[in-house]
Number of protein chains: 2
Amino acid sequence: MGAARSRVERAFAVLDAFTPERPSLRLSEIARRAGLPLTTTHRLLAELCALGAVERDRDGTYRVGLRLWEIASLAPRGVPLREAALPFLEDLYEVTHENVQLGVREGQDVVYIERIAGRRAVGVLTRVGGRFPLHASGIGLVLLAHAPDRVQREVLEGPLQRFTDYTITDPALLERVLAQVRRDGVAVSDRQVTDDALSVAAPITGARGEVIAALSIVAKAGDTVAARLAPAVRAAARGTSRALSARRA
Amino acid sequence: MGAARSRVERAFAVLDAFTPERPSLRLSEIARRAGLPLTTTHRLLAELCALGAVERDRDGTYRVGLRLWEIASLAPRGVPLREAALPFLEDLYEVTHENVQLGVREGQDVVYIERIAGRRAVGVLTRVGGRFPLHASGIGLVLLAHAPDRVQREVLEGPLQRFTDYTITDPALLERVLAQVRRDGVAVSDRQVTDDALSVAAPITGARGEVIAALSIVAKAGDTVAARLAPAVRAAARGTSRALSARRA
DNA sequence: ATGGTCCCTTCCGCTCAGCGGAAGAAGGGG
DNA sequence: CCCCTTCTTCCGCTGAGCGGAAGGGACCAT
(Lines give C-alpha, C1' and ligand atoms only; values in the text may rest on other atoms or scores of the structure.)
Protein backbone atom coordinates (compact mmCIF):
# COMPACT_ATOMS: atom_id res chain seq x y z
CA MET A 1 0.00 0.00 0.00
CA GLY A 2 2.94 2.33 0.24
CA ALA A 3 2.30 3.45 -3.31
CA ALA A 4 4.01 6.81 -2.73
CA ARG A 5 0.82 8.82 -2.90
CA SER A 6 0.93 12.47 -2.02
CA ARG A 7 -1.08 13.96 0.74
CA VAL A 8 -3.55 15.65 -1.58
CA GLU A 9 -3.94 12.49 -3.59
CA ARG A 10 -4.76 10.61 -0.42
CA ALA A 11 -7.30 13.22 0.59
CA PHE A 12 -9.01 12.71 -2.73
CA ALA A 13 -8.81 8.95 -2.38
CA VAL A 14 -10.80 9.45 0.81
CA LEU A 15 -13.35 11.65 -0.98
CA ASP A 16 -13.58 9.11 -3.79
CA ALA A 17 -14.67 6.47 -1.30
CA PHE A 18 -18.17 7.93 -1.26
CA THR A 19 -20.61 6.69 -3.91
CA PRO A 20 -24.29 7.26 -4.63
CA GLU A 21 -25.00 3.85 -3.13
CA ARG A 22 -22.88 4.54 -0.10
CA PRO A 23 -23.00 8.27 0.64
CA SER A 24 -22.41 7.62 4.34
CA LEU A 25 -19.40 5.59 5.47
CA ARG A 26 -17.52 4.56 8.61
CA LEU A 27 -13.85 5.19 9.17
CA SER A 28 -12.76 1.64 8.48
CA GLU A 29 -14.88 1.39 5.34
CA ILE A 30 -13.33 4.55 3.97
CA ALA A 31 -9.86 3.25 4.79
CA ARG A 32 -10.61 0.02 2.98
CA ARG A 33 -12.09 1.71 -0.07
CA ALA A 34 -9.31 4.27 -0.27
CA GLY A 35 -6.62 1.68 0.25
CA LEU A 36 -5.10 3.65 3.10
CA PRO A 37 -4.04 2.68 6.63
CA LEU A 38 -6.55 3.40 9.36
CA THR A 39 -4.52 6.08 11.07
CA THR A 40 -3.78 7.92 7.86
CA THR A 41 -7.46 7.85 6.98
CA HIS A 42 -8.43 8.93 10.48
CA ARG A 43 -6.13 11.90 10.32
CA LEU A 44 -7.26 12.91 6.86
CA LEU A 45 -10.91 12.70 7.86
CA ALA A 46 -10.28 14.86 10.90
CA GLU A 47 -8.70 17.45 8.69
CA LEU A 48 -11.35 17.28 5.97
CA CYS A 49 -14.02 17.62 8.68
CA ALA A 50 -12.33 20.70 10.09
CA LEU A 51 -12.45 22.15 6.58
CA GLY A 52 -16.11 21.24 6.04
CA ALA A 53 -15.25 19.09 3.05
CA VAL A 54 -16.46 16.06 5.00
CA GLU A 55 -19.11 16.02 7.69
CA ARG A 56 -19.50 13.55 10.51
CA ASP A 57 -22.94 12.42 11.60
CA ARG A 58 -24.02 11.88 15.15
CA ASP A 59 -23.81 8.13 14.54
CA GLY A 60 -20.13 8.36 13.66
CA THR A 61 -20.43 7.97 9.93
CA TYR A 62 -18.84 10.39 7.49
CA ARG A 63 -20.31 11.93 4.37
CA VAL A 64 -19.28 14.55 1.82
CA GLY A 65 -19.65 17.99 3.34
CA LEU A 66 -21.52 20.97 2.08
CA ARG A 67 -18.41 23.13 1.99
CA LEU A 68 -17.09 21.01 -0.84
CA TRP A 69 -20.27 21.59 -2.77
CA GLU A 70 -20.05 25.32 -2.14
CA ILE A 71 -16.59 25.43 -3.66
CA ALA A 72 -17.52 23.08 -6.46
CA SER A 73 -20.53 25.19 -7.38
CA LEU A 74 -17.99 27.60 -8.89
CA ALA A 75 -16.84 25.08 -11.49
CA PRO A 76 -17.73 26.81 -14.77
CA ARG A 77 -18.82 23.53 -16.29
CA GLY A 78 -21.14 22.77 -13.38
CA VAL A 79 -23.60 25.11 -11.67
CA PRO A 80 -22.90 28.25 -13.79
CA LEU A 81 -23.48 26.30 -17.00
CA ARG A 82 -26.62 24.88 -15.50
CA GLU A 83 -27.83 28.34 -14.53
CA ALA A 84 -27.39 29.63 -18.07
CA ALA A 85 -29.24 26.65 -19.45
CA LEU A 86 -31.96 26.48 -16.83
CA PRO A 87 -34.54 28.85 -18.35
CA PHE A 88 -34.34 26.91 -21.61
CA LEU A 89 -34.46 23.55 -19.87
CA GLU A 90 -37.48 24.76 -17.93
CA ASP A 91 -39.24 25.87 -21.09
CA LEU A 92 -38.50 22.54 -22.68
CA TYR A 93 -39.85 20.76 -19.63
CA GLU A 94 -42.99 22.88 -19.48
CA VAL A 95 -43.74 22.18 -23.12
CA THR A 96 -43.20 18.44 -22.97
CA HIS A 97 -43.25 17.27 -19.33
CA GLU A 98 -40.61 14.74 -20.32
CA ASN A 99 -37.20 14.26 -18.76
CA VAL A 100 -34.85 17.09 -19.68
CA GLN A 101 -31.10 16.70 -19.21
CA LEU A 102 -27.88 18.66 -19.52
CA GLY A 103 -24.44 17.11 -19.76
CA VAL A 104 -20.81 17.79 -20.55
CA ARG A 105 -18.01 15.60 -21.79
CA GLU A 106 -15.27 14.48 -19.47
CA GLY A 107 -12.87 12.08 -21.15
CA GLN A 108 -14.97 9.31 -22.63
CA ASP A 109 -18.00 9.96 -20.43
CA VAL A 110 -20.96 12.27 -20.18
CA VAL A 111 -21.20 13.96 -16.79
CA TYR A 112 -24.80 14.91 -16.10
CA ILE A 113 -25.10 18.46 -14.83
CA GLU A 114 -28.85 18.82 -14.59
CA ARG A 115 -31.98 16.82 -14.94
CA ILE A 116 -35.57 17.95 -14.67
CA ALA A 117 -37.77 14.93 -14.31
CA GLY A 118 -41.51 14.93 -14.33
CA ARG A 119 -43.36 12.58 -12.04
CA ARG A 120 -44.81 10.60 -14.90
CA ALA A 121 -41.75 10.76 -17.09
CA VAL A 122 -39.97 7.65 -18.29
CA GLY A 123 -37.25 6.37 -15.95
CA VAL A 124 -33.67 7.24 -16.72
CA LEU A 125 -30.49 5.50 -15.71
CA THR A 126 -28.51 8.64 -15.11
CA ARG A 127 -27.90 10.77 -12.05
CA VAL A 128 -26.98 14.43 -11.67
CA GLY A 129 -23.28 14.34 -10.90
CA GLY A 130 -23.00 10.90 -12.41
CA ARG A 131 -21.30 9.57 -15.53
CA PHE A 132 -22.33 7.53 -18.53
CA PRO A 133 -20.46 6.29 -21.61
CA LEU A 134 -20.59 8.67 -24.58
CA HIS A 135 -21.57 6.21 -27.27
CA ALA A 136 -25.03 5.24 -26.00
CA SER A 137 -27.07 8.26 -24.97
CA GLY A 138 -28.31 11.20 -27.02
CA ILE A 139 -26.20 13.70 -25.14
CA GLY A 140 -23.22 11.39 -25.37
CA LEU A 141 -23.58 11.00 -29.14
CA VAL A 142 -23.66 14.77 -29.64
CA LEU A 143 -20.64 15.30 -27.43
CA LEU A 144 -18.76 12.46 -29.09
CA ALA A 145 -19.60 13.69 -32.60
CA HIS A 146 -17.98 17.01 -31.76
CA ALA A 147 -15.16 15.73 -29.60
CA PRO A 148 -11.49 16.00 -30.61
CA ASP A 149 -10.44 13.31 -33.11
CA ARG A 150 -8.28 11.66 -30.51
CA VAL A 151 -11.27 11.11 -28.22
CA GLN A 152 -13.45 9.81 -31.04
CA ARG A 153 -10.75 7.34 -32.02
CA GLU A 154 -10.29 6.13 -28.50
CA VAL A 155 -14.03 5.54 -28.07
CA LEU A 156 -14.32 3.81 -31.45
CA GLU A 157 -11.44 1.51 -30.51
CA GLY A 158 -13.80 0.26 -27.87
CA PRO A 159 -15.01 -1.69 -26.10
CA LEU A 160 -18.46 -0.23 -26.76
CA GLN A 161 -20.58 -1.40 -23.86
CA ARG A 162 -24.02 -2.82 -24.62
CA PHE A 163 -27.04 -1.67 -22.61
CA THR A 164 -29.85 -3.02 -24.78
CA ASP A 165 -30.23 -4.91 -28.04
CA TYR A 166 -30.30 -1.52 -29.74
CA THR A 167 -27.07 -0.13 -28.33
CA ILE A 168 -24.55 0.59 -31.07
CA THR A 169 -21.53 -1.60 -30.42
CA ASP A 170 -20.20 -1.74 -33.98
CA PRO A 171 -17.51 0.96 -34.47
CA ALA A 172 -18.23 1.34 -38.18
CA LEU A 173 -21.91 1.95 -37.52
CA LEU A 174 -21.13 4.35 -34.71
CA GLU A 175 -18.84 6.31 -36.98
CA ARG A 176 -21.61 6.69 -39.53
CA VAL A 177 -24.03 7.77 -36.83
CA LEU A 178 -21.58 10.39 -35.60
CA ALA A 179 -21.24 11.80 -39.11
CA GLN A 180 -25.02 11.98 -39.32
CA VAL A 181 -25.23 13.71 -35.94
CA ARG A 182 -22.82 16.35 -37.20
CA ARG A 183 -24.91 16.82 -40.38
CA ASP A 184 -28.28 16.84 -38.64
CA GLY A 185 -27.28 18.95 -35.66
CA VAL A 186 -29.26 16.56 -33.50
CA ALA A 187 -28.71 13.05 -32.11
CA VAL A 188 -31.30 10.39 -31.46
CA SER A 189 -30.68 7.51 -29.10
CA ASP A 190 -33.56 5.14 -29.66
CA ARG A 191 -33.77 2.45 -26.94
CA GLN A 192 -29.96 2.39 -26.87
CA VAL A 193 -29.77 2.97 -23.10
CA THR A 194 -33.00 1.42 -21.81
CA ASP A 195 -35.54 -0.62 -23.72
CA ASP A 196 -38.30 1.91 -23.42
CA ALA A 197 -36.64 5.30 -23.74
CA LEU A 198 -35.66 7.48 -26.64
CA SER A 199 -33.62 10.63 -26.29
CA VAL A 200 -33.13 13.56 -28.63
CA ALA A 201 -30.11 15.74 -27.98
CA ALA A 202 -28.59 18.89 -29.44
CA PRO A 203 -25.25 20.65 -28.92
CA ILE A 204 -24.66 23.76 -26.86
CA THR A 205 -21.86 25.92 -28.15
CA GLY A 206 -19.61 28.39 -26.38
CA ALA A 207 -18.42 31.84 -27.35
CA ARG A 208 -15.98 30.48 -29.93
CA GLY A 209 -18.52 28.15 -31.50
CA GLU A 210 -17.03 25.02 -29.93
CA VAL A 211 -19.43 22.41 -28.54
CA ILE A 212 -19.14 22.55 -24.76
CA ALA A 213 -22.28 20.74 -23.59
CA ALA A 214 -25.44 19.12 -24.82
CA LEU A 215 -29.02 18.94 -23.70
CA SER A 216 -31.64 16.31 -24.35
CA ILE A 217 -35.16 15.19 -23.82
CA VAL A 218 -35.71 11.59 -22.76
CA ALA A 219 -39.16 10.22 -23.57
CA LYS A 220 -40.96 6.95 -24.06
CA ALA A 221 -39.87 5.49 -27.38
CA GLY A 222 -42.32 5.67 -30.27
CA ASP A 223 -42.64 6.20 -33.97
CA THR A 224 -42.85 9.95 -34.32
CA VAL A 225 -41.24 10.99 -31.06
CA ALA A 226 -37.86 12.06 -32.40
CA ALA A 227 -39.30 14.13 -35.24
CA ARG A 228 -41.77 15.75 -32.86
CA LEU A 229 -39.19 16.68 -30.22
CA ALA A 230 -36.21 17.67 -32.32
CA PRO A 231 -37.25 21.27 -33.12
CA ALA A 232 -37.83 22.12 -29.43
CA VAL A 233 -34.54 20.50 -28.43
CA ARG A 234 -32.68 22.45 -31.10
CA ALA A 235 -34.30 25.68 -30.02
CA ALA A 236 -33.41 25.14 -26.37
CA ALA A 237 -29.83 24.32 -27.25
CA ARG A 238 -29.58 27.38 -29.45
CA GLY A 239 -31.05 29.59 -26.76
CA THR A 240 -28.58 28.29 -24.24
CA SER A 241 -25.70 28.78 -26.68
CA ARG A 242 -26.74 32.38 -27.25
CA ALA A 243 -27.00 33.02 -23.53
CA LEU A 244 -23.51 31.62 -23.00
CA SER A 245 -22.02 33.69 -25.81
CA ALA A 246 -23.65 36.86 -24.52
CA ARG A 247 -22.07 36.16 -21.17
CA ARG A 248 -18.55 36.38 -22.46
CA ALA A 249 -19.11 39.54 -24.49
CA MET B 1 3.13 33.41 6.02
CA GLY B 2 4.70 30.34 7.58
CA ALA B 3 1.55 29.79 9.54
CA ALA B 4 2.19 26.06 9.83
CA ARG B 5 -0.62 25.06 7.54
CA SER B 6 -1.03 21.47 6.53
CA ARG B 7 -0.91 20.31 3.00
CA VAL B 8 -4.63 19.68 2.77
CA GLU B 9 -5.37 23.04 4.33
CA ARG B 10 -3.21 24.69 1.71
CA ALA B 11 -4.97 22.80 -1.06
CA PHE B 12 -8.24 24.16 0.23
CA ALA B 13 -6.79 27.65 0.55
CA VAL B 14 -6.10 27.36 -3.17
CA LEU B 15 -9.66 26.21 -3.89
CA ASP B 16 -11.02 29.02 -1.71
CA ALA B 17 -9.27 31.56 -3.93
CA PHE B 18 -12.01 31.16 -6.54
CA THR B 19 -15.10 33.35 -6.15
CA PRO B 20 -18.23 33.96 -8.22
CA GLU B 21 -16.69 37.23 -9.36
CA ARG B 22 -13.40 35.61 -10.18
CA PRO B 23 -14.05 32.01 -11.25
CA SER B 24 -10.91 32.04 -13.42
CA LEU B 25 -7.55 32.96 -11.91
CA ARG B 26 -3.84 33.06 -12.77
CA LEU B 27 -1.20 31.30 -10.75
CA SER B 28 0.08 34.45 -9.09
CA GLU B 29 -3.42 35.66 -8.24
CA ILE B 30 -4.20 32.38 -6.57
CA ALA B 31 -0.94 32.52 -4.64
CA ARG B 32 -1.76 36.03 -3.45
CA ARG B 33 -5.33 35.19 -2.49
CA ALA B 34 -4.35 31.99 -0.76
CA GLY B 35 -1.42 33.62 1.03
CA LEU B 36 0.99 30.97 -0.22
CA PRO B 37 4.40 31.18 -1.93
CA LEU B 38 4.36 30.90 -5.72
CA THR B 39 6.13 27.56 -5.87
CA THR B 40 3.92 25.97 -3.27
CA THR B 41 0.87 27.21 -5.13
CA HIS B 42 2.28 26.04 -8.45
CA ARG B 43 2.87 22.57 -7.12
CA LEU B 44 -0.54 22.34 -5.51
CA LEU B 45 -2.24 23.47 -8.69
CA ALA B 46 -0.36 20.87 -10.71
CA GLU B 47 -1.56 18.22 -8.32
CA LEU B 48 -5.14 19.46 -8.17
CA CYS B 49 -5.20 19.60 -12.00
CA ALA B 50 -3.98 16.01 -12.20
CA LEU B 51 -6.88 15.08 -9.94
CA GLY B 52 -9.44 17.05 -11.94
CA ALA B 53 -10.29 19.20 -8.95
CA VAL B 54 -8.90 22.20 -10.82
CA GLU B 55 -8.82 22.69 -14.57
CA ARG B 56 -6.45 24.85 -16.58
CA ASP B 57 -7.68 26.77 -19.59
CA ARG B 58 -5.80 27.21 -22.79
CA ASP B 59 -5.02 30.77 -21.75
CA GLY B 60 -3.21 29.57 -18.63
CA THR B 61 -5.88 30.47 -16.10
CA TYR B 62 -7.16 28.00 -13.56
CA ARG B 63 -10.71 27.32 -12.50
CA VAL B 64 -12.54 24.82 -10.28
CA GLY B 65 -12.71 21.47 -12.04
CA LEU B 66 -15.70 19.33 -12.75
CA ARG B 67 -14.28 16.40 -10.82
CA LEU B 68 -14.75 18.36 -7.64
CA TRP B 69 -18.37 18.95 -8.51
CA GLU B 70 -18.86 15.26 -9.24
CA ILE B 71 -17.61 14.35 -5.79
CA ALA B 72 -19.49 17.18 -4.13
CA SER B 73 -22.75 16.14 -5.77
CA LEU B 74 -22.76 13.30 -3.24
CA ALA B 75 -23.06 15.67 -0.29
CA PRO B 76 -26.39 14.63 1.26
CA ARG B 77 -27.26 18.24 1.99
CA GLY B 78 -26.59 19.28 -1.61
CA VAL B 79 -27.71 17.57 -4.79
CA PRO B 80 -29.59 14.62 -3.18
CA LEU B 81 -31.64 17.01 -1.02
CA ARG B 82 -32.30 19.08 -4.09
CA GLU B 83 -33.43 16.02 -6.03
CA ALA B 84 -35.93 15.07 -3.34
CA ALA B 85 -37.28 18.60 -3.27
CA LEU B 86 -37.23 19.22 -7.00
CA PRO B 87 -40.67 17.89 -7.96
CA PHE B 88 -42.23 20.05 -5.27
CA LEU B 89 -40.16 23.07 -6.19
CA GLU B 90 -41.18 22.54 -9.80
CA ASP B 91 -44.85 22.36 -8.88
CA LEU B 92 -44.52 25.53 -6.86
CA TYR B 93 -42.80 27.23 -9.76
CA GLU B 94 -45.41 26.09 -12.28
CA VAL B 95 -48.22 27.40 -10.11
CA THR B 96 -46.67 30.78 -9.40
CA HIS B 97 -43.86 31.45 -11.90
CA GLU B 98 -42.08 33.23 -9.08
CA ASN B 99 -38.59 32.54 -7.78
CA VAL B 100 -38.44 29.31 -5.84
CA GLN B 101 -35.51 28.56 -3.57
CA LEU B 102 -34.13 25.82 -1.35
CA GLY B 103 -31.56 26.35 1.35
CA VAL B 104 -29.87 24.76 4.34
CA ARG B 105 -28.22 26.19 7.41
CA GLU B 106 -24.48 26.19 7.76
CA GLY B 107 -23.37 27.96 10.90
CA GLN B 108 -24.99 31.39 10.85
CA ASP B 109 -25.68 31.39 7.12
CA VAL B 110 -28.13 30.01 4.63
CA VAL B 111 -26.45 28.08 1.83
CA TYR B 112 -28.64 28.13 -1.25
CA ILE B 113 -28.99 24.68 -2.79
CA GLU B 114 -31.43 25.38 -5.55
CA ARG B 115 -33.20 28.20 -7.25
CA ILE B 116 -35.72 28.10 -10.03
CA ALA B 117 -36.11 31.55 -11.46
CA GLY B 118 -38.59 32.58 -14.07
CA ARG B 119 -37.61 35.10 -16.68
CA ARG B 120 -39.99 37.71 -15.37
CA ALA B 121 -39.48 36.96 -11.73
CA VAL B 122 -38.23 39.55 -9.27
CA GLY B 123 -34.45 39.74 -8.93
CA VAL B 124 -32.82 38.00 -6.01
CA LEU B 125 -29.51 38.62 -4.36
CA THR B 126 -28.67 35.01 -3.77
CA ARG B 127 -26.74 32.48 -5.81
CA VAL B 128 -26.92 28.69 -5.87
CA GLY B 129 -23.89 27.63 -3.86
CA GLY B 130 -23.77 31.01 -2.18
CA ARG B 131 -24.41 32.13 1.39
CA PHE B 132 -26.57 34.71 3.06
CA PRO B 133 -27.10 35.73 6.69
CA LEU B 134 -29.88 33.83 8.45
CA HIS B 135 -31.70 36.77 9.99
CA ALA B 136 -32.86 38.51 6.84
CA SER B 137 -34.38 36.09 4.32
CA GLY B 138 -37.47 33.92 4.61
CA ILE B 139 -35.46 30.71 4.41
CA GLY B 140 -32.96 32.09 6.90
CA LEU B 141 -35.68 32.99 9.40
CA VAL B 142 -37.16 29.50 9.26
CA LEU B 143 -33.78 27.87 9.70
CA LEU B 144 -32.85 30.23 12.50
CA ALA B 145 -36.17 29.72 14.30
CA HIS B 146 -35.47 25.99 14.43
CA ALA B 147 -31.74 26.16 14.96
CA PRO B 148 -30.05 24.97 18.16
CA ASP B 149 -30.28 27.50 21.00
CA ARG B 150 -26.58 28.17 20.80
CA VAL B 151 -26.86 29.28 17.18
CA GLN B 152 -29.89 31.46 17.85
CA ARG B 153 -28.05 33.14 20.70
CA GLU B 154 -24.97 33.77 18.62
CA VAL B 155 -27.02 35.35 15.82
CA LEU B 156 -29.03 37.47 18.24
CA GLU B 157 -25.80 38.72 19.80
CA GLY B 158 -25.23 40.27 16.44
CA PRO B 159 -24.26 42.26 14.60
CA LEU B 160 -27.44 41.94 12.52
CA GLN B 161 -26.53 43.34 9.14
CA ARG B 162 -28.93 45.75 7.47
CA PHE B 163 -29.91 45.27 3.81
CA THR B 164 -32.90 47.60 3.58
CA ASP B 165 -34.85 49.89 5.88
CA TYR B 166 -37.05 46.89 6.67
CA THR B 167 -34.30 44.49 7.71
CA ILE B 168 -34.70 43.41 11.32
CA THR B 169 -31.60 44.55 13.18
CA ASP B 170 -33.11 44.71 16.68
CA PRO B 171 -32.42 41.46 18.56
CA ALA B 172 -35.57 41.74 20.67
CA LEU B 173 -37.75 42.12 17.60
CA LEU B 174 -35.97 39.28 15.84
CA GLU B 175 -36.56 37.03 18.82
CA ARG B 176 -40.28 37.75 18.70
CA VAL B 177 -40.35 37.11 14.97
CA LEU B 178 -38.61 33.76 15.45
CA ALA B 179 -41.20 32.73 18.04
CA GLN B 180 -43.91 33.68 15.57
CA VAL B 181 -42.24 31.68 12.81
CA ARG B 182 -42.25 28.65 15.07
CA ARG B 183 -45.94 29.16 15.85
CA ASP B 184 -47.02 29.91 12.27
CA GLY B 185 -44.93 27.26 10.59
CA VAL B 186 -44.06 29.86 7.95
CA ALA B 187 -41.74 32.87 7.76
CA VAL B 188 -42.26 36.05 5.83
CA SER B 189 -39.39 38.33 4.89
CA ASP B 190 -41.04 41.48 3.60
CA ARG B 191 -38.55 43.78 1.81
CA GLN B 192 -35.93 42.73 4.37
CA VAL B 193 -33.39 41.69 1.75
CA THR B 194 -34.21 43.91 -1.22
CA ASP B 195 -36.64 46.82 -1.37
CA ASP B 196 -39.00 45.15 -3.78
CA ALA B 197 -39.08 41.50 -2.79
CA LEU B 198 -41.03 39.50 -0.28
CA SER B 199 -40.33 35.86 0.49
CA VAL B 200 -42.45 33.23 2.17
CA ALA B 201 -40.60 30.21 3.52
CA ALA B 202 -41.49 26.96 5.25
CA PRO B 203 -39.40 24.26 6.96
CA ILE B 204 -38.49 20.90 5.52
CA THR B 205 -38.10 18.19 8.12
CA GLY B 206 -36.10 15.01 8.10
CA ALA B 207 -36.97 11.49 9.22
CA ARG B 208 -36.70 12.39 12.89
CA GLY B 209 -38.82 15.54 12.57
CA GLU B 210 -35.86 17.90 12.82
CA VAL B 211 -35.74 20.89 10.48
CA ILE B 212 -33.00 20.23 7.95
CA ALA B 213 -33.78 22.71 5.18
CA ALA B 214 -36.29 25.30 4.08
CA LEU B 215 -37.86 26.35 0.84
CA SER B 216 -39.29 29.66 -0.20
CA ILE B 217 -40.96 31.68 -2.88
CA VAL B 218 -39.58 35.14 -3.59
CA ALA B 219 -42.06 37.51 -5.22
CA LYS B 220 -42.66 41.20 -5.73
CA ALA B 221 -43.81 42.67 -2.44
CA GLY B 222 -47.46 43.53 -2.08
CA ASP B 223 -50.37 43.55 0.29
CA THR B 224 -51.83 40.08 -0.03
CA VAL B 225 -48.80 38.25 -1.38
CA ALA B 226 -47.79 36.44 1.79
CA ALA B 227 -51.27 35.21 2.59
CA ARG B 228 -51.74 34.11 -1.00
CA LEU B 229 -48.48 32.19 -1.23
CA ALA B 230 -48.22 30.64 2.21
CA PRO B 231 -50.48 27.60 1.65
CA ALA B 232 -48.59 26.53 -1.47
CA VAL B 233 -45.24 27.01 0.24
CA ARG B 234 -46.37 24.95 3.22
CA ALA B 235 -47.65 22.20 0.95
CA ALA B 236 -44.39 22.04 -1.01
CA ALA B 237 -42.37 21.89 2.20
CA ARG B 238 -44.60 19.17 3.59
CA GLY B 239 -44.36 17.17 0.39
CA THR B 240 -40.59 17.40 0.43
CA SER B 241 -40.49 16.40 4.09
CA ARG B 242 -42.61 13.36 3.35
CA ALA B 243 -40.40 12.38 0.43
CA LEU B 244 -37.32 12.64 2.62
CA SER B 245 -38.84 10.57 5.42
CA ALA B 246 -39.95 7.86 3.01
CA ARG B 247 -36.38 7.71 1.76
CA ARG B 248 -34.99 6.65 5.09
CA ALA B 249 -37.65 4.03 5.73
C1' DA C 1 17.22 48.30 -29.42
C1' DT C 2 17.07 48.36 -23.99
C1' DG C 3 15.03 48.19 -19.54
C1' DG C 4 11.32 47.31 -16.46
C1' DT C 5 7.45 44.72 -14.83
C1' DC C 6 4.79 40.82 -14.30
C1' DC C 7 4.09 36.07 -14.72
C1' DC C 8 5.52 31.38 -14.83
C1' DT C 9 8.62 27.24 -14.38
C1' DT C 10 12.35 24.63 -12.54
C1' DC C 11 15.90 23.43 -9.22
C1' DC C 12 17.71 21.82 -4.82
C1' DG C 13 19.34 21.63 0.13
C1' DC C 14 16.84 21.28 4.10
C1' DT C 15 13.38 19.94 7.68
C1' DC C 16 9.34 18.91 9.87
C1' DA C 17 4.62 17.28 8.46
C1' DG C 18 2.93 13.15 8.04
C1' DC C 19 3.64 8.21 8.21
C1' DG C 20 1.79 3.69 10.03
C1' DG C 21 2.47 -0.02 13.33
C1' DA C 22 1.45 -0.75 17.97
C1' DA C 23 -1.23 -0.29 21.94
C1' DG C 24 -5.30 0.36 24.09
C1' DA C 25 -10.25 1.69 24.64
C1' DA C 26 -15.06 1.12 23.44
C1' DG C 27 -19.08 -1.28 21.83
C1' DG C 28 -21.78 -5.23 20.56
C1' DG C 29 -22.91 -10.06 20.44
C1' DG C 30 -22.72 -14.89 21.98
C1' DC D 1 -16.38 -14.01 30.30
C1' DC D 2 -14.36 -14.03 25.29
C1' DC D 3 -14.20 -12.58 20.57
C1' DC D 4 -14.60 -9.42 16.94
C1' DT D 5 -14.96 -4.98 14.99
C1' DT D 6 -14.26 -0.24 15.18
C1' DC D 7 -12.03 3.72 16.67
C1' DT D 8 -8.47 6.70 18.97
C1' DT D 9 -3.95 7.88 20.50
C1' DC D 10 1.05 7.61 20.62
C1' DC D 11 5.73 8.16 18.84
C1' DG D 12 10.26 7.33 16.39
C1' DC D 13 11.40 7.95 11.85
C1' DT D 14 11.92 9.81 7.06
C1' DG D 15 10.95 11.48 2.65
C1' DA D 16 7.30 14.63 0.90
C1' DG D 17 7.04 19.11 0.57
C1' DC D 18 9.06 23.61 1.48
C1' DG D 19 10.34 28.19 -0.53
C1' DG D 20 14.15 31.12 -2.03
C1' DA D 21 16.82 31.53 -6.01
C1' DA D 22 17.58 31.40 -10.78
C1' DG D 23 16.10 31.89 -15.25
C1' DG D 24 12.90 32.33 -19.22
C1' DG D 25 8.98 34.53 -21.63
C1' DA D 26 5.65 38.13 -22.78
C1' DC D 27 4.37 42.74 -22.91
C1' DC D 28 4.92 47.70 -22.69
C1' DA D 29 7.33 52.17 -22.68
C1' DT D 30 11.18 54.87 -24.09
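Where is A:Thr164 found in chain A? A:Thr164 sits in the loop between α7 (149–156) and α8 (171–184) of chain A, with helices (H or I, at least four residues) and strands (E, at least two) taken as DSSP runs numbered from the N terminus. Bear in mind that this is a predicted model, where local features need pLDDT of at least 70, side-chain atom pairs count only at pLDDT 80 or more, and totals for chains, interfaces and linings use all residues. Residues are numbered from 1 along each chain as its sequence is written, chains are lettered from A and ligands numbered from 1 in the order in which they are written, and side-chain values use heavy atoms, leaving out hydrogens and water.

**Around A:Thr164**
- A:Thr164 is buried, at a relative accessible area of 5% (buried means under 20%, exposed over 50%, partly exposed in between, with a 1.4 Å probe and protein chains only).
- Leaving aside residues up to four places away in sequence, A:Thr164 touches A:Arg191, A:Gln192, A:Val193, A:Thr194 and A:Asp195 (contact means heavy atoms within 4.5 Å).
- A polar atom of the A:Thr164 side chain lies 2.5 Å from the backbone oxygen of A:Arg191.

**The loop with A:Gly222**
- Between β9 (211–220) and α9 (225–248) of chain A, the loop holds A:Gly222.
- A:Gly222 is partly exposed, with a relative accessible area of 32%.
- From A:Gly222 to A:Ala145 it's 77 residues in sequence and 24 Å in space, C-alpha to C-alpha.

**Helix α5 of chain B**
- The 18 residues of α5 (residues 79–96) should span 26 Å at 1.5 Å a residue, and the end C-alpha atoms are 24 Å apart, which agrees (the expected span is 1.5 Å times one less than the number of residues).
- There's a kink of about 50° at B:Ala85, shortly before the proline B:Pro87 (the bend is the angle between axes fitted to the seven residues ending there and the seven starting there).
- Buried residues in α5(B) include B:Leu81, B:Ala85, B:Phe88, B:Leu92 and B:Tyr93.
- Just after α5(B), B:His97 takes a positive phi of about 55°.

**Domains and copies**
- Chain A is assigned domain 1 (7–71) and domain 2 (79–248), with bounds from an automatic or database domain assignment.
- The C-alpha centres of these two domains of chain A lie 33 Å apart.

How values were computed:
Polar contact = N/O pair within 3.5 Å; in protein donor to acceptor, adjacent residues only side chain to side chain.
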